[in-house]
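Here's a quick briefing to read alongside the model. Have the structure open and follow the residue numbers as you go.

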Amino acid sequence: MRCFWDERQRAHAPEAEFFNGKLHPAAEHQGRVDAILAAIGAVEAPRDSGMELLLRVHSQEYLDLLRDAHREWLAAGREGDAFPYTFPIVGRRSLYLSRIDARLGQHSFDTSTPIGPGTWDACYWSVQTALAGLAAVLGGEQSAFAFTRPPGHHAGCDYFGGYSYLNHAAVCAEAALAAGSRRIAILDVDYHHGNGTQDIFAGRDDVLFASIHADPSTDYPFFWGHADESKGNILNLPLPRGTDWNGYAPAFTAAIDWLEEREPDLLIVSYGADTHEADPISHFKLKTSDYAPMARRIAAMGLPTLIVMEGGYAVDALGANVAAFLSGF
Ligand code: SP5
Ligand code: ZN
């Protein structure tokens, strides 16, 4: 399978994230990169297709913030990565202030997604990587893997969170539609609900979103991904902590059946390896040996398929998990 990656994606190098009342070492750290690269073999670098396709999903104002935030943070006299800390939950969501603290809160929903000096570059090239994978699939490859990093599925059209800044699956879905695809299926198998992707596409009939994830009553992102959000083009299948392959497989099969019934002509898989039993921030019990059969069932849909990388933080198992998943195609 052709795999895509750009070295500039390493530039995002968060040291810490804030949750449970204190800073913790960042789970989405640079160590993930070599773990995955060592396991997937040769990678191709993307060409630069510019900003146009990003703007089909993300607002200009938001992209400006991602690009400028860290410079402005330093200019305001701060050090280290930029963190939001005040959010316009009540009223005033449309009050747009120039102060960096206000802009960060305006465009985010958690405090675990810092912006550092290299974040914009890494995000930009991560989207280009995803688009290069899509181009391969649209050009006739049955499947392609875009090693996108940082992840994307928590990012909405104008907000970051969940270690995600730009939504690769969403940009690729819009790009594929612009290139002539009729209906896109997005299958999200990360441990966490892809709230950004759901938010971007809710109510559409040309993009389907099916997600299997930890019950948000107990797990991040808490406010989205509940079963009662399923309607129209959205299917959420939350599962309890402790779910192993026996518990996962029926929901997984149901998601695939639901997508197939709606006759998409292209599939985008948001793949997270954080469903693995060793994941340090997650609580499913999938094993490395479960990922090839999972992928084979997806491949049996017979659709041109782009795989984008989302989460997965058990660095010692990460390479083997990604390789096992890709082997199923
Ligand atoms: C792409 C992706 O997988 N994003 C996930 C973001 C999850 N951030 C949540 C941080 C809170 C984790 N709590 C962990 C408790 C460990 N004992
Ligand atoms: Zn995740």
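The notes below go through the metal site, the cysteines, the salt bridges and a surface patch.

Keep in mind that this is a predicted model. At the zinc ion (ligand 2), the coordinating residues are Asp190, His192 and Asp274. Elsewhere, a search of the whole structure turns up 20 salt bridges and zero disulfides.

**Zinc site**
- Asp190 (OD), His192 (ND1) and Asp274 (OD) hold the zinc ion (ligand 2) at 1.9 to 2.1 Å.
- Along the sequence, the donor residues follow the spacing D-x1-H-x81-D.
- Asp190 sits in the loop between β5 (184-188) and α6 (195-201), and Asp274 in the loop between β8 (266-271) and α8 (288-299), so this pair ties together parts 84 residues apart in sequence.
- Why is the arrangement around the zinc ion (ligand 2) irregular? The four donor atoms subtend angles of 99 to 136°, and a tetrahedral call needs all angles between 85 and 135 degrees.
- Both aspartates are tucked away from the surface: Asp190 is buried at 1% relative accessible area, and Asp274 is buried at 0%.

- Cys157 is in no disulfide either, with the sulfur of Cys123 as its nearest at 16 Å.
- Cys123 is buried, with 2% relative accessible area, whereas Cys157 is partly exposed at 34%.

**Salt bridges**
- Arg10 pairs with Glu7, with the closest N and O atoms 2.5 Å apart; Arg10 is partly exposed at 25% relative accessibility, and Glu7 is partly exposed at 46%.
- Glu174 and Arg204 form another salt bridge, at 3.0 Å between the closest N and O atoms.
- That pair links distant parts of the chain, 30 residues apart: Glu174 is in helix α5 (residues 168-178) and Arg204 is in the loop between α6 and β6.
- Glu174 counts as buried at 12% relative accessibility, while Arg204 is partly exposed at 25%.
- Glu261 bridges to Arg262, with the closest N and O atoms 3.5 Å apart; here Glu261 is exposed at 60% and Arg262 partly exposed at 26%.
- Asp64, Arg67, Asp68 and Arg71 are joined in a salt-bridge network.

**Surface patch**
- Phe222, Phe223 and Trp224 make a nonpolar surface patch of about 340 Å².
- Phe222 lies in the loop between β6 (207-214) and β7 (234-239), and is partly exposed with a relative accessible area of 41%.

Definitions and conventions:
Residues numbered from 1 in each chain as written. Chains lettered and ligands numbered in written order. Predicted model: local features only at pLDDT ≥ 70, side-chain atom pairs only at ≥ 80, totals over all residues. Heavy atoms only, no water. Patch = residues over 30% accessible without salt bridge, like charges linked within 9 Å, V, L, I, M, F, W, Y side chains within 5 Å. Areas by Shrake-Rupley, 256 points an atom, 1.4 Å probe, with all protein chains shown as cover. Salt bridge = Lys/Arg side-chain N within 4 Å of Asp/Glu carboxyl O. Helix = DSSP H or I, 4+ residues; strand = E, 2+ residues; numbered from the N terminus. Buried < 20%, exposed > 50% of the residue type's maximum accessible area, 1.4 Å probe, protein only. Disulfide = S-S within 2.5 Å. Donors = N, O, S within 2.8 Å, 3.2 Å for Na, K, Ca; no water. Tetrahedral: all angles 85-135°; square planar, octahedral: opposite > 155°, others 65-115°.
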